[in-house]
Amino acid sequence: VQAKARNVILEWEQEGLGPARGVNYPSRFRNFDTTIRRPVPGLGEHTDEILREFGFSAGHIDALRKENVI
């Protein structure tokens, strides 16, 4: 009850999953907003972007996906 009253536990709506809960920032600062601005990414949501940053081509990423590697 105390943790919820102090906003240590946050609740939000996670797209495709429904209600979710998580731990807020442990430190508190004056005039520092700790509200959730967007949900956590979905599983694999940024895979292509990250692989491109590591130099993988679109063709290579597609091949990995077809082989069920990613």
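Where is Glu 45 found? In this predicted model, in which local features need pLDDT of at least 70, side-chain atom pairs count only at pLDDT 80 or more, and totals for chains, interfaces and linings use all residues, Glu 45 is found in the loop between β2 and α2. Residues are numbered from 1 along each chain as its sequence is written, and side-chain values use heavy atoms, with hydrogens and water left out. Helices (H or I, at least four residues) and strands (E, at least two) are DSSP runs numbered from the N terminus.

Confidence is lowest in helix α1 (residues 2-5), with a mean of 76, and highest in helix α2 (residues 47-53), with a mean of 97. Where pLDDT is low, the predicted coordinates should not be read in detail.

Glu 45 has a relative accessibility of 53% and counts as exposed; on this scale, buried means under 20% relative accessible area, exposed over 50%, and partly exposed in between (1.4 Å probe, protein chains only). The side chain of Glu 45 reaches the backbone nitrogen of Gly 42 at 2.6 Å. Such a polar contact is a pair of N or O atoms within 3.5 Å; within protein, one must be able to donate a hydrogen and the other to accept it, and residues adjacent in sequence count only if both atoms are side-chain atoms. The C-alpha atoms of Gly 42 and Asp 62 lie 19 Å apart in space, and the two residues are 20 apart in sequence. Asp 62 is placed in helix α3 and is partly exposed, at 41% relative accessibility.

The loop between β2 and α2 also holds Asn 31, which has a positive phi of about 60° although it is not a glycine. Asn 31 is exposed, with a relative accessible area of 81%. A positive phi, near 60°, is likewise found in Asn 68, a residue other than glycine. Asn 68 lies in the segment after α3 (58-66) and is exposed at 68% relative accessibility.

One aromatic pair is present in the structure. The ring centres of Phe 29 and Phe 32 are 6.0 Å apart and the ring planes stand at 85°, so the pair is edge-to-face. Rings of Phe, Tyr and Trp (its six-membered ring) pair if their centres lie within 6.5 Å, and planes under 30 degrees apart count as stacked, over 60 as edge-to-face and the rest as tilted. Phe 29 is exposed, at 56% relative accessible area, whereas Phe 32 is partly exposed, at 43%.

Phe 32 is also one of the residues that line the largest pocket; among the others are Leu 10, Trp 12, Tyr 25, Asp 33 and Arg 37. At least two lining residues come from each of β1 (9-14) and β2 (18-23). The lining divides into six nonpolar, four polar and two charged residues. Strand β2 also contains Ala 20, which is buried at 19% relative accessibility. Ala 20 and Gly 44 are 24 residues apart in sequence and 18 Å apart in space, C-alpha to C-alpha.

Notes
On a 1 Å grid over the protein atoms alone, a cavity is a set of points where a 1.4 Å probe fits but cannot get out, and a pocket is an open set with protein on both sides within 12 Å along at least five of seven lines; lining residues have an atom within 4 Å of a point. Ala, Val, Leu, Ile, Met, Phe, Trp, Tyr, Cys and Pro count as nonpolar, Asp, Glu, Lys and Arg as charged, and the others, Gly among them, as polar. pLDDT is the predictor's confidence in each residue, from 0 to 100.
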